Every structure is written in C-alpha cells, then in structure tokens.
Amino acid sequence: MTDDTGDFGLREFEDLKNTVERSERAYSKAASQLPALAKQLEALDAKSTKSAQRVEEAAQEVTKHIKTDRLFLFAACGFGAIALVFCSAFLGDIKGSRAGYAEGFADGQRSAKERDALGEWAASSPSGRLAYQMDKVGQIQAFGMCKIEGYKVKTDRKGTWCVSESGEGLVWPIAPPTTP
C-alpha cells in the first residue's frame, strides 16, 4: 500500500506541475496580449473622450441657439404686438373718419335737397312767391309769431292759434319756434 500512496503523491505532484505549467502559459499568453488590449482600451477611451467633447460642443451650440432664438422670438412677438395695436388704431381711425365723412356727406345732401325743394316751392308756387314778397318786407316773422296788430295768441287742447281780437277774421296755427 505504500506503493499506492507514493504513486498517488507522484500523480498529484504531476497534476500540480501540469496545472502550474498551464497557468504559466495562460499568464504568458495574457501578459503578451495586455499591451495590445491596453492600446485598444486607450483608443476607445480617446474616441469616447472625443465623442463626449463633440456632444458637449453640440449641446452648447443648441443651448446658444435656443437662447438666441428665444430672445428673437420674444422681440419679434413684442414688435408684432405693438405693430398690431398701431395698425388697429390706424384702421379704426380711418374707418371712423370715413363713417363720419359718409354721415356728414349724407346730411349735406339731404339738406341740399330740402333747400332745393324749398327754393322750387318759393319760385314756382303762388304761395311761395307771396311768402317771398312778405319776407322781403319783414312780415313773415310777425305773421308766424302772431305779432300782427289786431291779432292775439290763443292756446287750447288742440294747439296754439293766432286769432283776431275781434273774433272775426283769419285764424291760423302757430308752430312752436324751432331751434336751428
């Protein structure tokens, strides 16, 4: 049995020796690959650093553009709002002026038509010619306000009248005075 234990120890020693040799070969192989792996890692690190720098630069440019665009947008909106207010005021003034002009023009036309009709009546009718002659000597006002000798103003439920003081003669209505 002692032979078996000796063989067993030799086998174990041989296994240990083989394991150490395999470990040394793996270590040598790994050690020989380490410089290449280190170079690859350094290259990847350099690429990552460059990429990170490019990303940082791009982010700074975007931030700069956002700030600039935001200021431009605020300025453009502000000027646009001011321009809109002025345009609205200007157009409102023009529209108001045109409406006022149109209304004044229509009033002028209406007044001119009334004067034309009155002038036509005065020139072409016997009553108009008589009224014109009475006005020339200052009698129209006295007649219209009942300031004629022998006549007086009388008021009843039906209106105001110019009547003869004697009770005989003409009676005519007096229109209330109009203010121009």
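These are my notebook entries on a predicted protein model.

**Basis of the entries**

I number residues from 1 along each chain as its sequence is written.

**Entry 1: overall layout**

I looked up the secondary structure and found 3 helices and 3 strands. Helices (H or I, at least four residues) and strands (E, at least two) are DSSP runs numbered from the N terminus. From that terminus on, the elements run α-α-α-β-β-β. I then looked up burial, where buried means under 20% relative accessible area, exposed over 50%, and partly exposed in between (1.4 Å probe, protein chains only). Of the 180 residues in the protein, 4% are buried.

**Entry 2: the disulfide**

I searched for disulfides, defined as pairs of cysteine sulfur atoms within 2.5 Å, and the structure holds 1. In general, such a link is a covalent bond between the sulfur atoms of two cysteines. Here C146 and C162 are the partners, with their sulfur atoms 2.0 Å apart. C146 lies in the loop between helix 3 (139–144) and strand 1 (151–156) and C162 in strand 2 (residues 159–164), so the pair ties together parts that are 16 residues apart in sequence. The torsion about the S-S bond of C146 and C162 is about 70 degrees, so I noted the disulfide as right-handed.

Are the two cysteines buried or exposed? C146 is buried because its relative accessible area is 7%. C162 counts as buried too, because its relative accessibility is 0%.

I also checked the backbone of C146 and found phi near 60 degrees, a positive value in a residue other than glycine. Most residues other than glycine have a negative phi.

**Entry 3: the salt bridge**

I searched for salt bridges, each a side-chain nitrogen of Lys or Arg within 4 Å of a carboxyl oxygen of Asp or Glu. The structure holds 1, in which the side chains of D107 and R110 meet at 2.1 Å, N to O. Both residues lie in helix 1, 3 residues apart, about one turn of the helix. D107 counts as partly exposed because its relative accessibility is 36%. R110 is likewise partly exposed, at 44%.

**Entry 4: surface patches**

I looked up patches, which are made of residues with over 30% relative accessible area and no salt bridge, like charges being joined within 9 Å and nonpolar side chains (Val, Leu, Ile, Met, Phe, Trp, Tyr) within 5 Å. Accessible areas come from the Shrake-Rupley method with a 1.4 Å probe, and for residues only the protein chains shown count as cover.

Which residues form the negative patch? They are E12, E14, D15, E21 and E24. Asp and Glu count as negative, Lys and Arg as positive, and His and the chain ends are not counted. The place of a charge is taken as NZ of Lys, CZ of Arg, CG of Asp or CD of Glu. E12 lies in helix 1 (residues 2–124) and counts as partly exposed at 40% relative accessibility.

F13, L16 and V20 make a nonpolar surface patch of about 300 Å². V20 lies in helix 1 and is partly exposed, at 39% relative accessibility.

Terms used
This is a predicted model: local features need pLDDT of at least 70, side-chain atom pairs count only at pLDDT 80 or more; totals for chains, interfaces and linings use all residues. Side-chain values use heavy atoms; hydrogens and water are left out.
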